[in-house]
Number of protein chains: 2
Amino acid sequence: MRATFMYGAGDVRVEEVPDPTIVQPTDALVRITLACVCGSDLHPYHSMPTGEEGTPMGHEFIGLVEELGSEVTGLKVGDLVISPFAFSDNTCEFCREGFHTACKHGGWYGAGGVGGAQAEMIRVPQASGTLVPIPGDVDEKLLPSLLALSDVYLTGYHAAHMGNVGPGKTVTVIGDGAVGLSAVLASKQMGADKIILMGRHVDRTGLGRRFGATDVVAERGDEGIAKVLELTGGEGSHVVLEAVGHMPAYEQAYGVVRPGGVISRVGVPQYEDAPVGFGSLFGKNVTLNGGPAPVRAYIEAAIPQVLSGEIDPGRVFDSETTLDDVAEAYRLMDSRTALKVLVRP
Amino acid sequence: MRATFMYGAGDVRVEEVPDPTIVQPTDALVRITLACVCGSDLHPYHSMPTGEEGTPMGHEFIGLVEELGSEVTGLKVGDLVISPFAFSDNTCEFCREGFHTACKHGGWYGAGGVGGAQAEMIRVPQASGTLVPIPGDVDEKLLPSLLALSDVYLTGYHAAHMGNVGPGKTVTVIGDGAVGLSAVLASKQMGADKIILMGRHVDRTGLGRRFGATDVVAERGDEGIAKVLELTGGEGSHVVLEAVGHMPAYEQAYGVVRPGGVISRVGVPQYEDAPVGFGSLFGKNVTLNGGPAPVRAYIEAAIPQVLSGEIDPGRVFDSETTLDDVAEAYRLMDSRTALKVLVRP
């Protein structure tokens, strides 16, 4: 089959490799219907040292079950399934507490002998716990929105969930990438009163408004902070959803959060140390949380929302390539020509 | 009257100064019955640069109302009152949300023209919102426990409250100072299943056990972390209450917290930057919160618990001095000869 590998910064290649096979009796093989490129794929695209061995790429997909290990239950060959971007047994203590990305038997696609999803086929470990079948016949137009449940929408949802978004709350979303826009949509779903989107790409913030943003702040840094404080009567935002991962976004977050408020992060931090002392978080009793989204915890509730048309998170996909052209998908996203690119094997 | 001032590290003096007077119509004057020295007073005691002007010291007290400004309501001359360590109007939006230490009209004793509480008398701004009268005649033996509601016990309580301590939870308390021991007592009150106290002063951890600690870990650093992990089946602690404020305590906190868990800090951070990235908080979806305790939010519920004997937080006071000997109180606490020292004017 064909599969995508990264060999270093900017070096993405599609190669012919052997089809995956069942390794553990808990594995499934899935033939991929739709995959895509993630904002987080751009981090290695910028910084990966050049190597002789390629890293398998892609961790978001929907597809058809092709083969099942002997111990897999709850799935049958031919099922259309969604996979979270991380696999998990869905039964260990951490999974039961809703933190599937910490599963004791879980892991990540593209690492430890498991392939990537920008490919024709993939081996899914812990298939019973990981894959969620989509019931009934599905209108093809809904497939991108179902694919969005694999990562991007439910990562935005995780931010809003950890931020305890709800009625009466003002939410500021930092970042107009696909995750930030998804966080806007999730905040709207959860009933936030006021949703301020910090971003400066007009086409993206336009989609943000359609998703539910009530205000857009294009300014950054101190100017952006001043603007959000102005929009919140000088008090700051109850909840800040940080969907970027770079230090200036973190600094904006503690600048705009109100005393007693929450900063919920889902942008993968590109830093280890950050201000958390009296002058940033402690003095204001600010809560900092978030992390890799336990998407698996949220998929089942989101599927009927997509099927009924209540949410349309697939609108973040504004471009499409074939698997052979996946390198072009990276280029489009890296240059911000595209927001998020579907990849069709 | 006599009042305590600090002129630099290690330099604490009691001086004769004019009695405070009503400045704002919302002020009250309180004659102090009992005050004490706080663990946080030791930070300037170690590091304050020597100056010509002394800083008024002390922010914990109970006392008798001596005089009321014309706009003060809900209090009368002669009332025995508890003051939180920060004053607040108890009516602004932040107070109503339970974060009185961020009050729009609030502030701190010993700053901005307001005196300290290691004194014979004190001016209390925003008296209607700040002071809580203690109903009925009070047994003198209960006064230390009522004083503990001014800061130390309810600071420990705030840690447990923000950490969402409750039945089914394992709590690790870092620090065997008076706030750490108070956090143990609060966690016990809130129904925690297992309370692990990290501390190495046997007399203190002994009181911790009487307050409800189920386990004591004397080791620190990696060894201490390994011990807590062992006590939690390798999974880590649902809640970590950090009552020290130094970096090694913070490092222990993220070492022992379980995925999806909470680190709640009430030790005033003696650092601004700290690890919060993938390797510390983000990867495990850990929540970091806490800050200056909004003690005012919790005092009313705690008074009947003290009066009924349900809690006895005053047991953290293991020593006593007169106001004239307050410098000795600092020395006793600094040398760890005393856990926490009562000061009787």
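Which residue in β4(A) is the bridge partner of A:M6? The partner is A:T55. This is a predicted model.

- Three strands of chain A make an open sheet, in the order β2-β1-β4. Their pairing is antiparallel.
- The edges of this sheet are β2 (11–16) and β4 (55–56) of chain A. Each edge strand pairs on one side only.
- Strand β1 covers residues 2–8 of chain A and is joined to β4(A) by 2 bridges. These two strands run antiparallel.
- On its other pairing, β1(A) is joined to β2(A) by 6 bridges, again antiparallel.
- A:F5 shows both pairings. Its bridge partner in β2(A) is A:R13, and A:P56 stands opposite A:F5 in β4(A).
- β1(A) and β2(A) form a hairpin, with 2 residues between them. A:G10 sits in the turn and has a positive phi of about 75°.
- Strand β1(A) is mostly covered, with 6 of its 7 residues buried.
- Helix α11 (residues 326–334) of chain A lies across β1 and β2 of chain A. The helix runs at about 160° to β2(A).

**One residue of β1(A): A:T4**

- A:T4 belongs to strand β1 of chain A.
- Is A:T4 buried or exposed? Its relative accessibility is 1%, so A:T4 counts as buried. The cut-off for buried is under 20%.
- The side chain of A:T4 reaches the backbone oxygen of A:Q118 at 2.7 Å.
- Beyond its neighbours within four places in sequence, A:T4 is in contact with several residues, including A:V12, A:R13 and A:V14. Also among them are A:T55, A:P56 and A:M57. A:L323 and A:V326 are on the list too.

**Helix α6 of chain A**

- Helix α6 spans residues 178–189 of chain A, which is 12 residues.
- From its first C-alpha to its last, α6(A) reaches 16 Å. That is close to the 16 Å expected at 1.5 Å a residue.
- Why is α6(A) largely enclosed by the rest of the structure? The reason is that 9 of its 12 residues are buried.
- The buried residues of α6(A) include A:A178, A:G180, A:L181, A:S182 and A:A183. A:V184, A:L185, A:A186 and A:S187 are buried as well.
- What covers these buried residues? The cover includes two helices of chain A, α5 (152–162) and α7 (202–211). It also includes the chain A strands β11 (170–174), β12 (194–198) and β14 (237–242).
- Just after α6(A) comes A:G191, with a positive phi of about 90°.

**A buried arginine: A:R296**

- A:R296 is in helix α10 (residues 296–307) of chain A.
- A:R296 counts as buried because its relative accessibility is 6%.
- The side chains of A:R296 and A:E300 are joined by a polar contact of 2.9 Å.
- An α-helix has 3.6 residues a turn, so residues three or four places apart point the same way.
- Leaving out residues up to four places away in sequence, A:R296 touches A:P84, A:S88, A:N90 and A:H100, among others. Its contacts also include A:G129, A:T130 and A:V132.

**Where chain A meets chain B**

- How many residues does each chain bring to the contact? Chain B gives 41 residues and chain A gives 41 residues.
- The area buried between the two chains is about 3,300 Å². Carbon and sulfur atoms give 56% of this area.

**Strand β6 of chain B**

- In strand β6 (residues 80–83) of chain B, B:L80 and B:I82 point one way. B:V81 and B:S83 point the other way, and all four are buried.
- In a regular strand, the side chains alternate between the two faces of the sheet.
- Strand β5 (residues 61–68) of chain B pairs with β6(B) over 4 bridges, in the antiparallel sense. B:F61 stands opposite B:S83 in β6(B).
- β6(B) is also joined to strand β10 (residues 132–133) of chain B by 2 bridges, and these strands run antiparallel. In β10(B), B:P133 is opposite B:V81.

Definitions and conventions:
Residues numbered from 1 in each chain as written. Chains lettered and ligands numbered in written order. Predicted model: local features only at pLDDT ≥ 70, side-chain atom pairs only at ≥ 80, totals over all residues. Heavy atoms only, no water. Pairing = 2+ DSSP bridges. Contact = heavy atoms within 4.5 Å. Axes fitted to C-alpha atoms, helices over the stretch in contact; angles between N-to-C directions. Expected span 1.5 Å × (residues − 1). Buried < 20%, exposed > 50% of the residue type's maximum accessible area, 1.4 Å probe, protein only. Polar contact = N/O pair within 3.5 Å; in protein donor to acceptor, adjacent residues only side chain to side chain. Buried area = accessible area lost by both parts, 1.4 Å probe.
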